[in-house]
Amino acid sequence: MKKKDIYVIGSILSVAIILFAGIWLYQNKFQKKTEMAQVLYSGTVVMLEFDINEDAIYHLRGDVGHFDVEVKDGQFRMINVDCPNHNCEGMGWQPDDNFYMPIICIPNNVVVQLKEE
Amino acid sequence: MGSSKATKKFVYVTLLSAMAIAINMIESAFVVGMPFGIRFGFANIIALITIELFSEKEMITVNLMRVLIGNLMRGTIFGSTFWISSGGVILSTIVLILVRKLLKLEIYSNSMLCAVAHSIGQVFVVMFIYKQTAMFTIVPILLISSIPTGILTGWIAKEALNRLDKEKLMR
């Protein structure tokens with residue numbers, strides 16, 4: 001590795017930090033908090049709407065198989081997903097304390113997200 | 001001798017495409033459950049090797065073959081997975097060519113920037129298909145993860161290139 005590589009690492013890290021700060025600021029200061037979440041199929045069709053403060057496990061089906069949405073203490077996550085890559089399970093509990101990210105399961109063609117106002 | 005050289009090159013490009021597809025499929029089968037869908041991107045090693053051994057043209061062929069045939073074999077062709085991986089591959093191909101031409105960096109930097117472009121391309125396609133602007137939150141996480149994965153794939157590509165003799169291959 002040469003000096004130039006270190007500069008590249010430095011610039012990637014600084015861009016990442018600036019984006020982190022920007023997103024954190026936006027989500028914590030400017031975005032309205034919402035208590036309702038929904039499961040969307042194909043980006044548009046609403047499969048389910050739920051209150052994130054009501055603990056529950058919802059059993060649903062997507063394109064490749066079944067999946068469960070677990071809701072607990074104001075957060076939701078995807079579990080028991082019947083798909084090859086399990087990326088959506090890796091997204092963990094959402095919304096996280098600091099960051100919120102919709103959970104997208106591409107093989108099943110579903111999105112679990114906070115309802116937009 | 002001209003046509004024999006062209007045939008040799010054709011065979012190597014085909015072999016490299018086959019390797020890229022195989023690596024891609026093995027990685028997606030065995031490296032699962034990583035947080036935030038982070039991947040090593042080992043197939044990128046082949047792209048880095050191809051551009052150094054041959055030229056941009058061959059690298060574009062190998063990358064396009066990897067997406068087309070890889071998705072065809074997995075049965076996801078023209079589905080959302082296909083468009084997402086195309087987005088990643090197209091952006092990383094463009095970035096690799098530009099970075100190599102304009103910035104003249106080491107293979108590690110090429111590899112890292114390629115990984116960054118791949119993730120960003122995929123995220124933008126996801127944001128577009130699922131209309132999820134909040135998905136942008138994942139970009140900084142993917143940027144940071146591109147550093148170790150980029151260094152790893154760059155290092156493997158470098159080691160492979162040290163052991164490959166272009167003159168011998170084309171003789």
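This is a predicted model: local features need pLDDT of at least 70, side-chain atom pairs count only at pLDDT 80 or more; totals for chains, interfaces and linings use all residues.
Buried means under 20% relative accessible area, exposed over 50%, and partly exposed in between, with a 1.4 Å probe and protein chains only.

Residues are numbered from 1 along each chain as its sequence is written, and chains are lettered from A in the order in which they are written. Local features need pLDDT of at least 70, side-chain atom pairs count only at pLDDT 80 or more, and totals for chains, interfaces and linings use all residues, while side-chain values use heavy atoms, without hydrogens and water.

The next topic is helix packing in chain B. Helices (H or I, at least four residues) and strands (E, at least two) are DSSP runs, numbered from the N terminus. Helix α5 (residues 107-129) of chain B packs on helix α6 (residues 138-163) of chain B at about 140°, with the axes 7 Å apart. Axes are lines fitted to C-alpha atoms, for helices over the stretch in contact, and angles run from 0 to 180 degrees between N-to-C directions. The angle makes α5(B) oblique to α6(B): under 35 degrees counts as roughly parallel, over 145 as roughly antiparallel, 65 to 115 as roughly perpendicular and the rest as oblique.

A second pair is helix α2 (residues 43-53) of chain B with α4(B), at an angle of about 45° and with axes 12 Å apart. That makes α2(B) oblique to α4(B) as well.

In chain A, the loop between α2 (87-90) and β6 (103-105) contains A:P95, and the peptide bond from A:Q94 to A:P95 is cis, with omega near -15°. A:D73 sits in the loop between β4 (66-72) and β5 (75-79) of chain A. A:D73 is not a glycine, yet has a positive phi of about 50°, and counts as exposed at 62% relative accessibility. In chain B, B:F78 lies in the loop between α3 (56-74) and α4 (80-103). B:F78, also not a glycine, has a positive phi of about 60° and is exposed, with a relative accessible area of 56%.
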